[in-house]
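Dear colleague,

I am handing over the structure that follows, and below it you will find what came out of the analysis.

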Amino acid sequence: MSDLSVKAAPPTVDIETPFARFAADYCGSWIAMAALAIVVVLIAVSLLAPLIVPQNPYDLSQISIFDNMLAPGERSMEGRLYLLGTDDQGRDMLSAMFYGLKLSFFVGIVSTALALAIGVTFGIMAAYFGGRIDSTIMRVVDLQLSFPAILIALILLALLGKGIDKVVIALVAVQWAYYARTIRGGALVERQREYIDAAQNLALPAHRIIFRHLLPNCLPPLVVVATIQVAHAISLEATLSFLGVGVPITEPSLGLLIANGYKYILSGKYWISVYPGLLLLLTILAINLVGDRLRDLLNPRLKA
Amino acid sequence: MVAFLIRRIGQSIFVILAMAALVFLGVFLIGNPIDVLLAPDADQIERAQAIERLGLDKPLWQQFLIFLLDLARGDLGTSFVHGTSAVGLILERLPATMELAFVALTLAIVVGIPLGVIAGLRRESWLGRTIMTGSIVGFSLPNFWFGIMLILCFAVTLQWLPAGGRGPTGSLFGVELSLLNPAGWPNLLMPALTLAIYKVSLVIRLAYSGTREAMLQDYVRFARATGLSPQRILGVHVLKNILIPIVTVLGLELGSMIAFAVVTESVFAWPGIGKLLIDSIARLDRPVIVAYLMIVVALFALINLVVDILYSVLDPRVRLSDTGN
Amino acid sequence: MTAVLEVRDLKVHFLTRRGVIAAVDGVDITVGRGEVLGVVGESGSGKTVTGLSILGLIDPPGRIVAGSIRLDGQELVGAREAQWRALRGRKIAMIFQDPMMTLNPVLRIDTQMMETIFAHEKVPAELARQRCRDALGRVGIPSPEERLSAYPHQFSGGMRQRVAIAIALLNNPELIIADEPTTALDVTIQAQIVAQVQKLAAETGTAIVWVTHDLAVVSGLADRIAVMYAGRIVEEGPTVEVLNAPRHPYTRGLLSSLPARNPRGKPLNQIPGAAPSLLALPPGCAFAPRCARALDICRQVAPAETDAGHERRLRCHNPLAAAGVAA
């Protein structure tokens, strides 16, 4: 007798993509999740800054010099409330901070991306072609890496002058060598593996082997390095601006705001330096925490 | 061992020469050397005299040789602002920066290694976690902002420490050092702390991962199996192994500390070569910038050399393999 | 003659996130003076953990949860760490598997040898050095004085293992636990080390527990063999008898899977299936799922240890026939 009952649907197998598993692993640490959330929020805030802040701090027509040096929570003579006070030019601190944050992210991410592209290209070429190309490139890399980034950036900016584009150039110049060395190390190992031999035997053109086969497998350590380098770049830009060689004074980044406030510390007008600094610290810390977590997950040696 | 030394010294000299060549190119080829080495307000006669004196009408390779000879003699021009020898100026301010860097380095070692080892041994405990979190905060802190916060807290609010400048110094062989004069120590404290915080965090993390890896090694288990006390295992077996990566990194970091002193000295108005550099950049005092670069390069080459020697002392595998064993 | 080592009903459990692993589940061991006991088993059988627990080197999440370990009549389970330390390297010594990493690469040989002596007694340095030299000589290392000033990486694998053995012998222990000491070495070196150890045991009267997965090694060396499976000893007895006439199906399976015993051209015998995960042990005998002789009772009740005559012990409901008895 045939079975007329409704057959239950066959159990579906949930195929978990590697990315999904990675995401699940990542969320094992609540600190890492909180850090990621903070980074996302900060990026969102900085992108939406023009829409949400009370004042455009770069627009000189919106700033009133008479409102300068107001403490947090004080009202101006017209009754405007400045939540975090104003700086010596009369800029609302809150607005200046968010715009400054946007600048920090811009400089940090763009310079990292560019340095990544340049460094990876050179590094992977060095690893793939070996020989003289390798030793020449690596000698340059080693020479550059033996000098502290801040000195190189300082001298470069002293020569080039102030400006956001020049800061990006300096940061790229300082960072590319680090990526080159990182990826060269990984690529040298991967290069020995059989799938590269196989691709070469198929007479695939070199650039295809490099970019479609070799590169994707060298990515994990790069992801970690790049994340932490964004934090580094942001910190470096702030330092350079503080020293007066970074962004121009009309478009202050967080570093420049802190520098402006430095003069007033001794008289107790702390808010111009303290708040931008806290925001800067939060940003760098959150990015570092994310990078740290990524490193723990992607580091094969510590996988117990 | 001797062969190793000779080879390394040769490498250092090569690096110094390479840098000299770079600086030479930067100064004499790209920029107008007159502008770089002469004050902007010099008149025609002085220019003509300078051209002749500096040999700027001679072929390039001759100029490079003269540059090198001058370098060997320690003569890199006269500061526009101060009117004295650029090299002399830097050497005069160097002790201030060096003592700052050394105190910071000492702090990094003395505080960082024990904390890192403790965190490595007690990873899951509250103490271990706090130390590790602290280390991430420590190296996320923008150096200059931390300095400003210290000033705000200890100098302005609490009024315990002076806000800047170098205090009274003591003299040793003609070198002025704050370390020699206890009255100068309060001034040294905050700048050294600011400079050290990043390094301390780095050392903690290195000591942590080094300890964790070391404890997993068989030789630790074997040492326990022979009945050695935990103190001996930690103090001799583990420590010597983790010191190797730490020494390497610290050596490189000393160089970067000297460079980063630029920031710390600016915040605390500490009269070292860092502050000199920033001032010189702002005032376009180029001979001083050139002198700074050359001296710093030589210093770094020296530090790298010392680190390599130390490394080979600590790790016998390096030392003996170099003699072709 | 009192046994040097008496282990009774030893149970070592590991508390992991996924459950409790009974790595050692009721093991009895007796070793007399000058006797060599071979403990044989696959990885995961519990043999290494047994060895480590005799030295008190079980770290959390592992714990000795039951049983007794007596050295010369002195009870060790529950001893304080200081008492363990006094014994390790002095009365009981251990040799590990991998000679590459057993010695600390950044310390000299004499440092590592002499500190073992100093950890237990106050001896003038020159005398300690003399003892080290003698120990190196005893394990067959030429020019011991030069070797003392050398570093581990200057030795070959076999030499390093000899040094490890020398260190184990320095304080004239009564018992040595050797955990797969020759597995990482070449076959020829293996034979040398085995011969060396045999000689030393005979000379010094030290009792030895030799843990291995390699039946061939113990066959020439051990006086008695204990076969372990899933944390229990399933068969034990004089080496010659166990190897010639195994009674436990697992022992029989191990022996017949040795290539040396296989007639040429025939496919190699294998024990079907795989060793069970210690987290999910079947009820009854742990070997039942793979045993050709399994009865219903085997799947339900774990066999207890029985005396099988001729100083043999067996843990089986349905053992193979004893030699000389009709099947």
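Chain B exposes about 14800 Å² (Shrake-Rupley method, 1.4 Å probe), and carbon and sulfur atoms supply 67% of that area. Please note that this is a predicted model, in which local features need pLDDT of at least 70 and side-chain atom pairs count only at pLDDT 80 or more, whereas totals for chains, interfaces and linings use all residues. Residues are numbered from 1 along each chain as its sequence is written, chains are lettered from A and ligands numbered from 1 in the order in which they are written, and side-chain values use heavy atoms, with hydrogens and water left out.

Turning to the interface, 38 residues of chain B are in contact (heavy atoms within 4.5 Å) with 36 residues of chain A. The area buried between chain B and chain A, that is, the accessible area (1.4 Å probe) that the two lose on being put together, summed over both, is about 3100 Å², and carbon and sulfur atoms give 82% of it. Phe144(B), Trp145(B) and Ile148(B) supply 19% of the area that chain B buries against chain A, more than any other three residues. The rule for salt bridges (a side-chain nitrogen of Lys or Arg within 4 Å of a carboxyl oxygen of Asp or Glu) finds one across this interface. Asp292(A) forms a salt bridge with Arg205(B), with the closest N and O atoms 2.6 Å apart.

With kind regards
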